[in-house]
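Please have the sequence and the 3D view open as you read.

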Amino acid sequence: MEVQVETTIKPKNNLKALFSSKKMDWETSDAFFARLSEKWHFTLDPCANPLNTKCAKYFTEEDDGLTQDWGGHTAFVNPPYGRHIGKWVQKCYEEAQKPNTTVVMLIPSRTDTKYWHRYVMKASEIYFVKGRVKFVDNGVASPAPFPSAVVVFRHDAWHKPNQMPTLGVVENV
């Protein structure tokens, strides 16, 4: 008797889109955002829409947060996780060089990418999320199929070349 074992991962329900670049507006859960906002007190959400924004001031896809000025804000960035995530990481790094500007990103922990080594390693702080972040789609929370990190870029905390950022762990809620 021959037994066949299926080795491919078949995402269930709304998780299927998390494995692709088709859906770009995954909402951060209110509980996870609140935990971060307690520390950083966010004033801008540059990757949002009217239904999933976490801040009073936000930019939609039509506003194109990549072309907007974030200076003077404390921005929470849960960027689109598709092909252009590197542009968002670069934008966060560049915006945080402005006075009185802090940028906190929630991104996949993809330490093997060029953008991670070019920009994330210049962050003032990197927190690896314990467990899997839950993203919300149509009111349903589902765990991401990848590990995540919270990356903090701050104008007042730039590291010297070859100096490691502060590392930590953030508990998932």
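## Inside the model

The lining of the largest cavity divides into three nonpolar, three polar and three charged residues (Ala, Val, Leu, Ile, Met, Phe, Trp, Tyr, Cys and Pro count as nonpolar, Asp, Glu, Lys and Arg as charged, and the others, Gly among them, as polar). This is a predicted model, in which local features need pLDDT of at least 70 and side-chain atom pairs count only at pLDDT 80 or more, while totals for chains, interfaces and linings use all residues. Residues are numbered from 1 along each chain as its sequence is written, and side-chain values use heavy atoms, with hydrogens and water left out.

The lining is made up of Trp26, Glu27, Thr28, Asp45, Cys47, Asn52, Lys54, Phe76 and Asn78. A cavity here is a set of points on a 1 Å grid over the protein atoms alone where a 1.4 Å probe fits but cannot get out, and lining residues have an atom within 4 Å of a point. A volume is the space filled by probe spheres set on the points, which are joined across faces, edges and corners.

| Cavity item | Value |
|---|---|
| Cavities of 30 Å³ or more | one cavity |
| Volume of the largest cavity | about 60 Å³ |

How many disulfides does the structure hold? It holds zero disulfides, a disulfide being a pair of cysteine sulfur atoms within 2.5 Å. For cysteine 92, the nearest cysteine sulfur is that of cysteine 47, 6.8 Å away. Cysteine 92 counts as buried because its relative accessibility is 0% (buried means under 20% relative accessible area, with a 1.4 Å probe and protein chains only).

Helix H2 (residues 85–95) has Cys92 among its buried residues, including also Trp88 and Tyr93. The buried residues of H2 pack against strands E4 (74–77), E5 (102–108) and E9 (148–154), and against helix H3 (114–118), with contact meaning heavy atoms within 4.5 Å. Helices (H or I, at least four residues) and strands (E, at least two) are DSSP runs, numbered from the N terminus.

Terms used. 1 Å grid on protein atoms, 1.4 Å probe; cavity = no way out; pocket = protein on both sides within 12 Å on 5 of 7 lines; lining within 4 Å. Buried < 20%, exposed > 50% of the residue type's maximum accessible area, 1.4 Å probe, protein only.
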